[in-house]
Every structure is written in C-alpha cells, then in structure tokens.
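Visitor: I have a structure open and would like to go through it with you. Could we begin with the charged side chains and move on from there?

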Amino acid sequence: MDRIRITGGKRLNGSIPIAGAKNATLPLMIASLLTDQTLVLDNVPRLADVGLLQRILGNHGVDIMVSGKRPGETQYDGQTLHISAANIVDTTAPYELVSRMRASFWVIAPLLARMGEARVSMPGGCAIGTRPVDLLIMALDNLGAEIEIDRGYVVARARNGLKGGKISFPKVTVGGTHTAVMAASIASGTTVIENAAREPEIGDVADCLNKMGARISGAGSSRIVIEGVSKLGGARHRVLPDRIETGTYAMAVAMAGGEVVLENARPELLQAAFDVLGQAGVEITPTNAGVRVARNGAGLAPVQVTTSPFPGFPTDLQAQLMALMTRAKGISHITETIFENRFMHVQELVRLGARITLNGERATIEGVETLKGAPVMATDLRASVSLVIAALAAEGETIVNRVYHLDRGFERLEDKLAGCGAAIERLSG
Ligand code: UD1
C-alpha cells in the first residue's frame, strides 16, 4: 500500500492546475446510460473513482474510449472520454462494485428510466455515517417506480416507463437531486423538484443533459422543473473545475504560507470557503488564470464555521479547514451538520499535536504554536487530505498511510504540491 512522506516547514510558491470536478464527472458518466448515442466528456480527472465507475458502467455494457494525448497537452490536462451505452446488456449493479463507491448507486435512475428496470446493490462507500438512500428511493417512487428491497438490493421497475411527478425533498440531497433529474429527463410529463440541492455540479449535469436534448430549467436553484422527453441523444461536455480541490489547495497554501495561483479555478463556486479563508487572514484574489492565494508572514485568525448545503460552507472542506485551524491564534469552532461521524480525522490530527475536542457535531479547535510530524492513517477521502495539510506545517516528518483514499479524489496531489516547493513524496508498496 502506498504511503506519502511529508517534511513540514516549506512555503508553497508557484501554480497548481485544478482538475475537472470528481463530483460532476461521476454523475455525468452515469448520465451516459440515458442514451444509445455517444457522450463525449472533456476535462475528466484521472482518479481511482473514475476508473472504478468505468468498470461499473462496463458491466452494464457501456463502452468507454479514452482519447490519446494531443499535441501541447501537459500531464495535468484532463482526459477525454467517449462513452457509448448503445446496448445495455445488464441492469444489475452488483454489491462487489457498488459497495466500493457510493455514487455508483445512482445508476439506478438512468437504468430504470431507459430500460424499465434496475437492480442495484445498497451502497457502501466512505465510512462517514450511515448515508441512507431512502430519499433517492422516494424520488423514484414519486415518478411511478415500483420498488422492493430484495436481499440487499434495491429492485426498481417501471414497465410502462416513468411518469413525471412532484418530488419534495425533506432534506437537501445531492444524490437524490441527481437521481431525480436523470430519471425525470426521460419520464413522460413534467416533474417539479422542490428543495433541490443547489451544488454547482447539479447545474453542470443539467447543462449536459440539456445538450443531450433534455428540457431542464432551474438547476442551481432549489426548484427544478423537468419536461420529460422521449429520447436523449449524444453531446460533448466539458466538466467544470473541482471546487473541493480548489479549496483544499487554498488551505494548503494558507497553512504553509507563500503564494500560489490555482489555475482554472472558479471563485464563484466556493465563495463561502473563500470568505472563511479571508476571515482567517488569507488573501484570495481572482485573476484571469484562476485564483491567487497568498499568506505572507501574518498568523491565522480563528473562525466559527458550520457546514451546510451549497452555497454554504461545504462538508467536503470541513476536515481541511480543521487542519488549518490547528495553527490559528485562538479558538475555532466547526460544526458539521451534513454527515454524522465525519470527524475521523480528529484523532489523527491530535497525533500531530493538535488540540481538538468534540461535543456531538461541534469541534472546538484550540490553535497551537507547533505541530509535530508523526505516522498517521488516512480514513476517508477528505480526512486524508487534511492530514497532508497539517503535515505541511508540522515539524519533521509525517507519513500518511492508506493513501488509496486520497487517490479516489485527488489527482497527482504529491506532484502538484512538490511543484510548488513542498517536501512531499510517494513511497510505493
Ligand atoms: C454528495 C457528494 C459528497 C458530499 C455530499 C454533501 C458526490 C459524488 N458526493 O454525496 O462528496 O459530501 O454530497 O455535499 O457528489 N441523505 C438521506 N437519505 C438519502 C440521501 C441522503 O438521509 O436518501 C442524507 C445523508 O445521510 C446526508 C445528507 O442527506 O446527511 C446529504 O447527503 P447527500 O447530499 O445525498 O450526499 P451524497 O449525494 O451522497
């Protein structure tokens, strides 16, 4: 198993290219199941989760061709995938595959809408709380699906196709919204989704579906209206930049000090996180190339943050912010409202010398003068990168074990940080 070794204390200077968003790529790839024509996706990140989803889609009979390198492309340019679900040969998504990545459960929506049936294992995925799928099932039920749970599988049927309906989510859910939008796009009649997730990735997928011939309006707001069409066609779509990767590197620069341009980043996708970094004393400046992040000399001020659905502060940046606040001058509070049990990074940060106490969903972080390097263990995707951020400012050497969690969501993290002067390397095997 690979590990990452970091020797703290180096400032970061230079530029870091931001990849396409993982959380848009996955539903976009899944949306390819809605059509028998080819969907071409540009700016696809090279991530373990993307590779795993290729395998899952392959199991349904989807062909995926990855374009070769073009002249002038760098190692950091995204890939282009040509995805063809001309023939769906299997409508079952087995436990062995779905349990490895939760978002793969979402294949249930296009399979059901196009084929009239789907049999998808209940998901596993990140170890952050129970993460049920009841609201995804509710959405499909409201569109006329018959649903039963059979030995760990959700079996959904709609022999005569799905029918538009009203879906009012009692809680904001990204996966529920993706599922509802995909299913409704080829249902008969009109669907109205209330209390929809407003995450930018929802808008990106809706843009792509509209290019494919769907009639979706309001994506990005909390009320989405979809007029079902009988068939979708092919399209070409460029995945939007990853706002979580952007925020993660912004926090890395804030931790280490220095000045870095995050190329291709779009500041409007993470205004809440940039506002918090501004309060902490980090300079954030939008530029033509992306966003410039700088912290020179001055210490970090503590912050009070509560995670919430977009446009609030994202739960996917909570662990990274906590790592940063371990060095602030004073006491910070971070409240996690989206996922219970999303604090596995706390005990690892404490191993590096952080002072953090937990009370239910609220963490109190008392900033310390120094962190000290130690062996630590990555527990989930975002938690693992928070350990890297802490290690950048820790005295001596930190070894992060189990970095396969990192590889699920961060492309060439060690190369991107080393390119800006960090002392970081991957130890293979
Ligand atoms: C997506 C993101 C993930 C992010 C999360 C919240 C992708 C691939 N993943 O995950 O990175 O952390 O949004 O921004 O885009 N819930 C239910 N019942 C359901 C579905 C969800 O109770 O049927 C709850 C969840 O347990 C959680 C909350 O709703 O407490 C939000 O979850 P949701 O937005 O659905 O997260 P994901 O789509 O799984």
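Visitor: Which residue forms a salt bridge with Lys22, and how far apart are the closest N and O atoms?

Guide: Please bear in mind that this is a predicted model. The partner of Lys22 is Asp49, and their closest N and O atoms are 3.7 Å apart. Asp49 belongs to helix H2 (residues 48-59) and Lys22 to helix H1 (residues 22-31), so the pair ties together parts that are 27 residues apart in sequence.

Visitor: Are Asp49 and Lys22 buried or exposed?

Guide: Asp49 is buried, and Lys22 is buried as well.

Visitor: How many salt bridges does the structure hold?

Guide: There are 24 salt bridges in the structure. One of them pairs Glu201 with Arg243, at 2.8 Å from N to O. That pair links distant parts of the chain, with Glu201 in helix H7 and Arg243 in helix H8, 42 residues apart. Both Glu201 and Arg243 are buried.

Visitor: What does the side chain of Asp316 meet in a salt bridge?

Guide: Asp316 meets the side chain of Arg342, with an N to O distance of 2.9 Å. Here two loops are linked: Asp316 sits in the one between S18 and H10, Arg342 in the one between S19 and H11, and the two residues are 26 residues apart. Asp316 has a relative accessible area of 14%, so Asp316 is buried. For Arg342 the relative accessible area is 6%, and Arg342 is therefore buried too.

Visitor: Which residues do salt bridges with shared partners join into one network?

Guide: That network consists of Asp2, Asp407, Glu414 and Arg426.

Visitor: What does the side chain of Glu336 reach at 2.9 Å?

Guide: It reaches the backbone nitrogen of Ile338. Leaving aside neighbours within four places in sequence, Glu336 is also in contact with Thr307, Thr315, Gln318, Arg342, Phe343 and Glu361.

Visitor: And Glu340, where is its place?

Guide: Glu340 is also placed in the loop between S19 and H11. With a relative accessible area of 44%, Glu340 counts as partly exposed.

Visitor: What volume does the second largest pocket have?

Guide: Its volume is about 350 Å³. The lining of the second largest pocket counts 22 residues, and Met255, Arg295, Arg327, Glu369 and Ala393 lie nearest its centre. Helix H8 (243-256) and strand S24 (394-395) are the elements that give two or more residues to that lining.

Visitor: Now the backbone. Which peptide bond is cis, with omega near 10°?

Guide: The bond from Phe310 to Pro311 is cis. Pro311 is placed in the loop between strand S18 (304-306) and helix H10 (318-325). As background, most peptide bonds are trans, and most residues other than glycine have a negative phi.

Visitor: On that subject, what is the phi of Asn195?

Guide: Asn195 has a positive phi of about 55° although it is not a glycine. Its place is in the loop between strand S11 (190-194) and helix H7 (200-211). Asn195 is partly exposed, with a relative accessible area of 29%.

Visitor: And what is phi near for Arg402?

Guide: Phi of Arg402 is near 60°, a positive value in a residue other than glycine. Arg402 lies in the loop between strand S25 (397-401) and helix H13 (404-409). Its relative accessible area is 36%, so Arg402 is partly exposed.

Note on methods
Residues numbered from 1 in each chain as written. Predicted model: local features only at pLDDT ≥ 70, side-chain atom pairs only at ≥ 80, totals over all residues. Heavy atoms only, no water. Helix = DSSP H or I, 4+ residues; strand = E, 2+ residues; numbered from the N terminus. Buried < 20%, exposed > 50% of the residue type's maximum accessible area, 1.4 Å probe, protein only. Polar contact = N/O pair within 3.5 Å; in protein donor to acceptor, adjacent residues only side chain to side chain. Contact = heavy atoms within 4.5 Å. 1 Å grid on protein atoms, 1.4 Å probe; cavity = no way out; pocket = protein on both sides within 12 Å on 5 of 7 lines; lining within 4 Å. Points joined across faces, edges and corners; volume = space filled by probe spheres on them. Salt bridge = Lys/Arg side-chain N within 4 Å of Asp/Glu carboxyl O.
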